[in-house]
Amino acid sequence: MKKIIYPLLLLVTLTFNLNFAVAASDKPKTELTAEQRVELNRIISRVDEIKAMDKSKLTREEKKELRKELREMKKKANSMSGGVYLSVGAIIIIILLLILIL
């Protein structure tokens with residue numbers, strides 16, 4: 001029984017991964033508005049400033065604040081692209097539901 005289940009799960013997993021890759025490549029690019037371009041340029045310049053900083057002289061709290069700021073800027077930049085993101089856990093749940101339904 002195990003000899004049948006493992007290859008079957010591998011086949012299903014690979015099939016879904018290929019389908020998601022094809023769907024992701026067909027997505028049309030959305031143009032950014034002037035406000036979004038200005039905001040994106042501001043984010044990029046701030047990230048460049050942070051990369052150029054000498055972080056060895058910063059305290060632990062300042063480093064934490066920089067990391068938090070970078071995470072927030074990354075979220076803003078990703079939200080501007082308008083993409084839909086699925087976590088690995090969500091994909092696994094979807095696959096399991098599909099297996100149970102089919």
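Which residue forms a salt bridge with arginine 46, with the closest N and O atoms 2.8 Å apart? Keep that one in mind while we get our bearings. What you're looking at is a predicted model, and its chain has 4 helices and 0 strands. Of the 102 residues, 7% count as buried. The chain exposes about 9100 Å², and carbon and sulfur atoms supply 65% of that. Now take the contacts between residues at least 6 apart in sequence: 64% of them join residues at least 24 apart.

Side chains of opposite charge can pair when their charged atoms come close. The partner of arginine 46 here is glutamate 69. This pair links distant parts of the chain, since arginine 46 sits in helix α2 and glutamate 69 in helix α3, 23 residues apart. Arginine 46 has another partner too: its side chain meets glutamate 49 in a salt bridge, at 3.1 Å from N to O. Those two are 3 residues apart in helix α2, so about one helical turn separates them. How exposed are the residues involved? Arginine 46 has a relative accessible area of 24%, so it is partly exposed. Glutamate 49, at 45%, is partly exposed, and glutamate 69, at 26%, is partly exposed as well. Salt bridges that share partners tie Arg46, Glu49 and Glu69 into one network.

The count of salt bridges comes to 3, and one of them pairs glutamate 39 with arginine 42, whose closest N and O atoms are 2.7 Å apart. Both lie in helix α2 (residues 34–52), 3 residues apart, or about one turn of the helix. Glutamate 39 is partly exposed because its relative accessibility is 25%, and arginine 42, at 41%, is partly exposed too.

Next, have a look at the surface. Arg60, Lys63, Lys64, Arg67, Lys68, Arg71 and Lys75 gather there in a patch of positive charge. Pick out arginine 71, which is found in helix α3 (residues 60–81). Its relative accessibility is 52%, and the cut-off for exposed is over 50%, so arginine 71 counts as exposed.

The surface also has a nonpolar patch, formed by Ile5, Tyr6, Leu9, Val88, Ile92, Leu96 and Ile99, with about 660 Å² of accessible area together. The elements giving two or more residues to it are α1 (2–25) and α4 (88–101). The largest share, 4 residues, comes from α4. Valine 88 has its place in helix α4, and it counts as exposed because its relative accessibility is 62%.

Key: Residues numbered from 1 in each chain as written. Predicted model: local features only at pLDDT ≥ 70, side-chain atom pairs only at ≥ 80, totals over all residues. Heavy atoms only, no water. Patch = residues over 30% accessible without salt bridge, like charges linked within 9 Å, V, L, I, M, F, W, Y side chains within 5 Å. Areas by Shrake-Rupley, 256 points an atom, 1.4 Å probe, with all protein chains shown as cover. Salt bridge = Lys/Arg side-chain N within 4 Å of Asp/Glu carboxyl O. Lys, Arg positive; Asp, Glu negative; His and termini not counted. Charge placed at Lys NZ, Arg CZ, Asp CG, Glu CD. Buried < 20%, exposed > 50% of the residue type's maximum accessible area, 1.4 Å probe, protein only. Contact = heavy atoms within 4.5 Å.
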